[in-house]
Amino acid sequence: MRFRSSVAIDLGTVNTLVWVAGRGIVLEEPTAIAIDTAVGKVAAVGAAADALADKEPQDIEVIHPLRDGVIADLDATAAMLHDFLRRSRRFGVLRPNALVCVPSGATPVERRSIVAALGVRRPRYNVQLIDEPVAAAAGAGFDLTGGAGGFVVDIGGGTTEVAAVAGWRVVRARSLRKAGNAMDEAIAAAIRTEMGLIISQRAARQLKMTLGVTGGAEGWAEAVGIDSAQRTPRTDYVPGGLVATALEPIVATIATAVHEMLSEIPAGLAEDVVRGKIRLAGGGSLLPGLAGRIETAAGIGAVLVEDPLRCVVRGAAEILERHGDMGKHSGPGLRQLAPCRGPGPFGYSLVTPAAGGR
């Protein structure tokens with residue numbers, strides 16, 4: 001009998017994944033919730049809600065409650081998570097543990113908002129946070145025991161995490177709020193300006209993954225949108241060069257961040273990084289041509305990890321299994337939460353375990 005269940009959550013701007021001990025990844029849904037404004041109730045969550053985005057059905061408001069990897073709408077996030085976890089959970093006797101991945105650059109207030117989202121409804125959870133680069137490194141196959149290290153670039157929807165890690169700890173990290181969503185917005189803006197075609201974010205995402213920074217195999221891709229002058233539906237062919245040009249500033253920012261981060265790592269970590277190569281994770285890492293750009297900027301090999309979309313939650317699950325009961329002690333790389341001694345947002349403060357704590 002499992003007295004205390006455990007879950008690992010990759011709460012992303014675009015997608016949320018939930019892993020449950022003994023069952024594996026049980027949920028992978030868009031981070032979205034639809035509200036019926038006429039009655040003030042939840043109409044749909046996850047994929048069903050995301051399918052309504054950009055279609056503007058009457059009395060339905062579709063909310064994507066995370067922005068740049070952190071909670072922008074606490075009530076919507078809490079309702080969405082409650083639904084996801086209700087579908088995922090098998091009830092145990094004790095309060096369940098939850099390990100949640102957060103961007104390395106998230107502020108203390110942003111981190112506390114995640115705790116609040118998991119605490120405002122029953123069942124409440126024992127929550128600890130893990131920096132995404134550590135989870136990504138574990139999921140990417142790095143063996144971080146004994147002080148070994150590696151270098152990861154995790155490109156999600158809201159943030160890009162560029163980090164060197166060692167011994168289950170972040171050594172150097174930079175969290176860029178330029179990632180998949182920013183790429184989609186840049187493509188949509190370029191197509192509206194150059195072609196007079198208004199496309200949805202979903203259509204922009206498809207063009208991004210088809211054409212990337214290389215222009216695609218065909219050099220073009222079809223898109224359907226609204227003619228900005230006639231205000232009628234129109235189909236057009238989008239040149240690959242237009243998409244590549246729109247993506248270039250964001251891709252260049254990521255490549256530059258990788259180069260700068262490599263220049264800051266300790267000499268003792270250099271061999272681990274060169275031998276382990278730069279490992280690319282997250283949905284944005286699937287962008288055609290990106291790995292080559294990063295490899296050129298870094299001067300060392302860059303490889304796409306196996307199943308990059310699930311890399312972070314796999315790593316968080318590994319850490320949770322390695323760690324055991326969060327109520328007893330701190331695990332590798334975990335951010336422990338404890339009651340504040342003084343007043344503070346949501347009544348929590350962050351405590352970082354001493355180096356080497358288990």
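This is a predicted model: local features need pLDDT of at least 70, side-chain atom pairs count only at pLDDT 80 or more; totals for chains, interfaces and linings use all residues.

Reader: In what order do the three strands of the open sheet stand, and is the pairing parallel or antiparallel?

Author: Strands of a sheet pair through backbone hydrogen bonds, in either a parallel or an antiparallel way. Here the order is E5-E4-E6, with antiparallel pairing. Strands E5 (41–45) and E6 (60–63) are at the edges with a single partner strand each, so one side of each has no neighbour in the sheet. On average, neighbouring strands are turned by 30 degrees against each other, direction ignored.

Reader: How many bridges join E4 to E6?

Author: Four bridges link strand E4 (residues 33–36) to E6. Within E6, Val62 is the residue opposite Ala34. Helix H2 packs on this sheet, where it touches E4, E5 and E6, and its direction makes about 55 degrees with that of E5.

Reader: At what angle do H2 and H3 pack?

Author: Two packed helices are described by the angle between their axes and the distance between the axes. For H2 (residues 74–88) and H3 (residues 108–117), the angle is about 45 degrees and the axes lie 9 Å apart. That makes H2 oblique to H3. Their crossing is right-handed. Leu74, Thr77, Ala78 and Leu81 of H2 meet Ser113, Ala116 and Ala117 of H3, giving five nonpolar, two polar and no charged residues.

Reader: And how far apart are the axes of H5 and H7?

Author: The axes of H5 (residues 180–195) and H7 (residues 240–262) are 8 Å apart, at an angle of about 145 degrees. This crossing is right-handed. The contact includes Ala186 and Glu194 of H5 and Ala246 of H7. By class, its residues are 13 nonpolar, no polar and one charged.

Conventions: Residues are numbered from 1 along each chain as its sequence is written. Side-chain values use heavy atoms; hydrogens and water are left out. Axes are lines fitted to C-alpha atoms, for helices over the stretch in contact, and angles run from 0 to 180 degrees between N-to-C directions. Helices (H or I, at least four residues) and strands (E, at least two) are DSSP runs, numbered from the N terminus. Angles under 35 degrees count as roughly parallel, over 145 as roughly antiparallel, 65 to 115 as roughly perpendicular and the rest as oblique. A crossing is left-handed if the near helix is turned anticlockwise from the far one by less than a right angle, and right-handed if clockwise. Contact means heavy atoms within 4.5 Å. Ala, Val, Leu, Ile, Met, Phe, Trp, Tyr, Cys and Pro count as nonpolar, Asp, Glu, Lys and Arg as charged, and the others, Gly among them, as polar. Two strands pair if DSSP finds at least two bridges between them.
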